[in-house]
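Here is a briefing on one protein chain. Please look over its sequence and fold before reading on.

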Amino acid sequence: MANLKKIKTRINSIKSTQKITRAMKMVASAKVKKFENRVKASRPFTFELEKMFYRLLHSVKELDTYNVDFREPINNYPILLKERPIKTVGLLILTSNKGLSGAFNANLVRYTTKTIQTYKENGINCELFIVGQKGYNALRRLEKECGFKITQTYLTFSETPTSSQAMLIAGDMARSFVNGDIDSMEIITTRFRNMMSYSVEKWDILPLDEIDFDYTKENDCDMEIEPNAPYVFSELVPLFISSIIFQAMLESIASELASRMTAMSAACNNADEMIQKLTVEFNKARQAIITQELTEITGGSAVINK
């Protein structure tokens, strides 16, 4: 009887957990479609902005000759766009605040540690800017072991990324860049593929890659800058950096939701299998008890009839 009670308790416990995983799956399914649309809608804007920025940069020479007072470090485009030897890399790590999303955070942490190890082998230090409680918890334990520094954390962001959040991160990274604490800006994030898959990637922001756009005669036309180049670049560079960060945040959230939906779907299926197996086990145990009781009754009846 005790065995039956134990099995019944396990079945009820699994059913209770399944209600939670099913609810989380439904919530993730509802949200992931919304963010999939946002990701696909924002990709063309980010690409065209990057293309326009490179075209404008290609048409202007000697950016570091301007003597302008900048409001914030992120407006200081002569320093931000100037190439210099890379001694310290600034890595922005985009993880989640919540768990139960499969291997999403684990994949990001694993990719980050491998990237840091590669830089270490080349004599380059790393400073981390971490978005998400899960990534911070995991990387904080590895800080001394892997030899990197956690410079800034962002643990209170809402589930829905905003441009102001991206600008805040861009401003912090730009300040470290202008102060000479880091010599490059890179992002470790996930690129959303579809509802079932994503890939962990590293995006380079600064220093700028070589211009890889096709400059035909049509694209290489003269460009007039109004009111002047310093003003335009001091406003365009922050937009360029923050838009890449914002795009990475959208891709990360969409990937997280897709991973959570897949993980919760698998959890629901596993719960169904466990309930089915335990139900069979419960029925077998009950049948064994009934058989034993019938045997005892039959045996007792035989003894009495003698």
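Predicted model: local features only at pLDDT ≥ 70, side-chain atom pairs only at ≥ 80, totals over all residues.

Residues are numbered from 1 along each chain as its sequence is written, and side-chain values use heavy atoms, with hydrogens and water left out.

**Overall fold**

- The protein chain holds six helices and five strands. Helices (H or I, at least four residues) and strands (E, at least two) are DSSP runs, numbered from the N terminus.
- From the N terminus on, the order of elements is α-α-β-α-β-α-β-α-β-β-α.
- Of the 306 residues, 43% count as buried. Buried means under 20% relative accessible area, exposed over 50%, and partly exposed in between (1.4 Å probe, protein chains only).
- Among contacts with a separation of 6 or more, 78% link residues 24 or more positions apart. A contact means heavy atoms within 4.5 Å.
- The accessible surface comes to about 17100 Å², and carbon and sulfur atoms own 53% of that. Accessible areas come from the Shrake-Rupley method with a 1.4 Å probe; for residues, only the protein chains shown count as cover.

**Helix H3**

- H3 spans residues 104-121, 18 residues in total. From first C-alpha to last it reaches 26 Å, close to the 26 Å expected at 1.5 Å a residue. The expected span is 1.5 Å times one less than the number of residues.
- Its buried residues are Phe104, Asn105, Leu108, Val109, Thr112, Thr113, Thr115, Ile116 and Tyr119. They cover an arc of only 165° around the axis, which puts them on the same side of H3. The arc is that of the directions from the helix axis to the C-beta atoms.
- Lys114 and Glu121 are exposed on the other side of H3.

**Helix H5**

- H5 (residues 163-178) has 16 residues and reaches 22 Å between its first and last C-alpha, close to the 22 Å expected at 1.5 Å a residue.
- Its buried residues include Gln165, Ile169, Asp172, Met173 and Phe177.
- Just after H5, Gly180 has a positive phi of about 90°.

**Hairpin S4-S5**

- Strands S4 (residues 184-194) and S5 (residues 197-206) pair in the antiparallel sense over nine bridges. Two strands pair if DSSP finds at least two bridges between them.
- The two strands form a hairpin, with two residues between them.
- Arg191 has Ser199, in S5, as its bridge partner.

**Nonpolar cores**

- The largest nonpolar core has 53 residues, of which Met185, Phe233, Ile241 and Ile245 touch the most other members. A nonpolar core is a set of buried Ala, Val, Leu, Ile, Met, Phe, Trp, Tyr and Cys residues joined through side-chain atoms within 4.5 Å.
- Elements giving two or more residues to this core include helix H1 (2-59), strand S1 (88-94), H5 and helix H6 (229-305). H6 gives the largest share, 18 residues.
- Another core, of 19 residues, lies apart from it; Val89, Tyr119, Leu128 and Tyr136 are among its members.

- Most residues other than glycine have a negative phi, and most peptide bonds are trans.
- Leu100 is not a glycine, yet has a positive phi of about 55°. Leu100 sits in the loop between S1 and H3 and is exposed, with a relative accessible area of 54%.
- Leu206 and Pro207 are joined by a cis peptide bond, with omega about -5°. Pro207 is in the loop between S5 and H6.
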